[in-house]
Amino acid sequence: MKRSRVNEILREADSYIRSFGYVMPPFAYLSPNEMKARRADLSTIVERRLGWDVTDYGKDDFDRMGLFLFTTRNGDAADLKAGGGMLYAEKIMISRHDQYSPMHRHIVKAEDIINRGGAKLAIQMHESAPDGSVDESAEVTVVTDGITRRLPAGGVLMLEPGESVTLLPGNWHAFWGEGGDVLIGEVSTVNDDLTDNVFREPLGRFSEIEEDEDPMLLLVSDYDTWL
């Protein structure tokens, strides 16, 4: 993905988020130079990978398969192992109309996926087989806002604005905006996008960036090389 396209996506995403009255944290707008100058003060942001995230899953077709994300807060994996401390994370995401986020599951993370506004959020779901692969036949049981719901294997759950679903480790899921763009909230246990995403098909979690212009803002995947 070209950096110019990433910059365009960030501008569009910021405008869309603001249209719902959602206010991003101040660190969202630190320039690359400001982040470099303040690196020592930003250790929590960098080490816990807070910030902007744009992925095309390595397919270079963001409009068809991709996702915008911003991690606003994230706990410490060491605290999660110890069973006490900052055990939670939060993201704001945008799934565009018919933009597919591919089938995947998490090993550790439990998450509430919340339709914060816009169109319907469609989530296709499967249970895990004993070996962790997709179970093509098992009924799916999930809780949506405290209500237990059951879907056939591969069934699609439709979330209206304001509705949410709790996904537990092992719940396979893919999602997209149905009929329009969707603003999505995620509240979860500690998030680790480096090791805790298992995709049904071989995919990359982060995009390879072609530097055709300067970055407007850094992505979390830029931190290792830019800072």
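Which residue forms a salt bridge with Arg 48? I started there and found Asp 76, with the closest N and O atoms 3.7 Å apart. I took a salt bridge to be a side-chain nitrogen of Lys or Arg within 4 Å of a carboxyl oxygen of Asp or Glu.

**Ground rules**

I am working on a predicted model, where local features need pLDDT of at least 70, side-chain atom pairs count only at pLDDT 80 or more, and totals for chains, interfaces and linings use all residues. Residues are numbered from 1 along each chain as its sequence is written, and side-chain values use heavy atoms, with hydrogens and water left out.

**Entry 1: salt bridges**

Back to my opening pair, Arg 48 and Asp 76. Arg 48 sits in the loop between α3 (43-47) and β1 (51-55), and Asp 76 in the loop between β2 (67-74) and α4 (77-82), so to speak 28 residues apart and in distant parts of the chain. For element names I used DSSP runs numbered from the N terminus: helices are H or I of at least four residues, strands are E of at least two. Arg 48 is partly exposed at 23% relative accessibility, and Asp 76 is partly exposed too, at 27%. My accessibility cut-offs were under 20% relative accessible area for buried, over 50% for exposed and partly exposed in between, with a 1.4 Å probe and protein chains only.

Next I looked up Asp 193 and Lys 91, whose side chains meet in a salt bridge at 2.9 Å, N to O. This pair also links distant parts of the chain, 102 residues apart: Asp 193 is in the loop between β11 (172-189) and β12 (198-199), Lys 91 in strand β3 (88-95). I noted both Asp 193 and Lys 91 as buried.

Then I checked Arg 5 and Glu 8, which pair at 3.1 Å, N to O. They are three residues apart in helix α1 (3-18), which means about one helical turn between them. Glu 8 is partly exposed at 33%. Through shared partners, salt bridges join Arg 5, Glu 8, Glu 12, Asp 63 and Arg 96 into one network. My total for the model came to 17 salt bridges.

**Entry 2: nonpolar cores**

For a core I used buried Ala, Val, Leu, Ile, Met, Phe, Trp, Tyr and Cys residues joined through side-chain atoms within 4.5 Å. The largest one has 30 residues, and Leu 10, Trp 52, Val 54, Phe 68 and Phe 70 have the most contacts inside it. Two or more residues each come from α1, α3, β1, β2 and β3. Helix α1 gives the largest share of this core, six residues.

Contact here is heavy atoms within 4.5 Å. Another core lies apart from the largest one; it has 21 residues, including Leu 67, Leu 69, Met 125 and Phe 175.

**Entry 3: two single residues**

Is Thr 71 buried or exposed? Thr 71 is buried, at 3% relative accessibility, and lies in strand β2. Beyond four places in sequence, I found Thr 71 in contact with Phe 27, Arg 49, Leu 50, Gly 51, Glu 90 and Lys 91.

Ser 221 is in the loop between β12 and α5 (223-226), and is partly exposed at 25%. With sequence neighbours within four places set aside, Ser 221 is in contact with Arg 49 and Phe 206.

**Entry 4: cavities**

I counted two cavities of 30 Å³ or more. On a 1 Å grid over the protein atoms alone, a cavity is a set of points where a 1.4 Å probe fits but cannot get out, and lining residues have an atom within 4 Å of a point. I sorted the lining of the largest cavity into seven nonpolar, five polar and six charged residues.

The second largest cavity holds about 50 Å³. Among the residues lining it are Phe 27, Trp 52, Leu 217 and Tyr 223. This lining splits into eight nonpolar, one polar and no charged.

Conventions:
1 Å grid on protein atoms, 1.4 Å probe; cavity = no way out; pocket = protein on both sides within 12 Å on 5 of 7 lines; lining within 4 Å. Points joined across faces, edges and corners; volume = space filled by probe spheres on them. Nonpolar A, V, L, I, M, F, W, Y, C, P; charged D, E, K, R; others polar.
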